[in-house]
Amino acid sequence: MSDETWRGKIGRLAPEEMAGFLAEPRIARLACIDDDGWPYVVPCWQEWDGGSFWVVPRGRAAWGRYLKQEPRCAITVDEDGTQRKVVAQCRAHLVEEPNVGGAWVPIAERMSLRYLGENGPKYLAPSMDKPRWLFRLEPVKMQTWQGQDWAGRYK
């Protein structure tokens, strides 16, 4: 019998595993559709609230406008090593147009701490006078996986 421990835990992430994974400082990739109908993928910070992803594009970020125009999008968060991943097709809900001091502020503050640690607020503070969008990405379809093996449907 060979040692297969290198494969790690294999299969879907349990809800609590997914929540823990999404709470880690992992850069997401968000896919939306640009003005010409082409896919546009951007790395971004995300916050998972247990039911939706939250993203905070800068006011001049093209992808904020793209999400407003076409709410169908996708987001993925993944890692090397144990190969954990969360992939979701979502519908973007515009919560706030670009503004200064809106509901995006506490979300951005939490994200800055999670992604940058104790220096997060130092990074965020000088740009608090710059407008930002706030979107809630509601998953329509979601898949998760972990481990070094093929899912059963591929075997």
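This is a predicted model: local features need pLDDT of at least 70, side-chain atom pairs count only at pLDDT 80 or more; totals for chains, interfaces and linings use all residues.

Colleague: What sort of pair do Y40 and Y66 form?

Modeller: An edge-to-face one. The ring centres of Y40 and Y66 are 5.1 Å apart, with 75 degrees between the planes.

Colleague: And where do Y40 and Y66 lie?

Modeller: Y40 is in strand β2, and Y66 is in helix α2, residues 62-69. So the pair ties together parts that are 26 residues apart in sequence.

Colleague: Is Y66 buried or exposed?

Modeller: Buried, at a relative accessible area of 8%. Y40 is partly exposed, at 28%.

Colleague: What about W48 and F53, why is that pair called tilted?

Modeller: Because the planes of W48 and F53 sit at 55 degrees, and edge-to-face needs over 60 while stacked needs under 30. The ring centres are 4.7 Å apart. Both residues are buried: W48 has a relative accessible area of 14%, F53 of 1%.

Colleague: Which residues form an aromatic cluster?

Modeller: W45, Y115 and Y123 form one.

Colleague: Switching to the sheet. What order do the strands take?

Modeller: β2-β1-β5-β6-β7-β4-β3. That is seven strands in an open sheet, with antiparallel pairing.

Colleague: Which strands are at the edges?

Modeller: β2 (39-44) and β3 (47-48). Each of these pairs on one side only.

Colleague: How many bridges join β6 and β7?

Modeller: Twelve, in the antiparallel sense. Strand β6 covers residues 85-99 and β7 covers 132-145. A88 stands opposite M142 in β7.

Colleague: And β1 with β2, how many bridges there?

Modeller: Six, again antiparallel. β1 is residues 28-33. L30 stands opposite V42 in β2.

Colleague: Which residue takes a positive phi in the hairpin of β1 and β2?

Modeller: G37, with phi near 85 degrees. The hairpin has five residues between the strands.

Colleague: Now helix α1. Which residues are buried?

Modeller: M18, F21 and L22, in a helix that runs over residues 15-22. Seen down the axis, the buried residues of α1 fall within an arc of 95 degrees, so they line one face of the helix.

Colleague: Why would residues three or four places apart point the same way?

Modeller: Because an α-helix has 3.6 residues a turn.

Colleague: What do the buried residues of α1 pack against?

Modeller: Several strands and a helix. The strands are β3, β4 (53-55), β5 (72-78), β6 and β7. The helix is α3, residues 104-116.

Key: Residues are numbered from 1 along each chain as its sequence is written. Side-chain values use heavy atoms; hydrogens and water are left out. Two strands pair if DSSP finds at least two bridges between them. Helices (H or I, at least four residues) and strands (E, at least two) are DSSP runs, numbered from the N terminus. Buried means under 20% relative accessible area, exposed over 50%, partly exposed in between (1.4 Å probe, protein chains only). The arc is that of the directions from the helix axis to the C-beta atoms. Contact means heavy atoms within 4.5 Å. Rings of Phe, Tyr and Trp (its six-membered ring) pair if their centres lie within 6.5 Å; planes under 30 degrees apart count as stacked, over 60 as edge-to-face and the rest as tilted.
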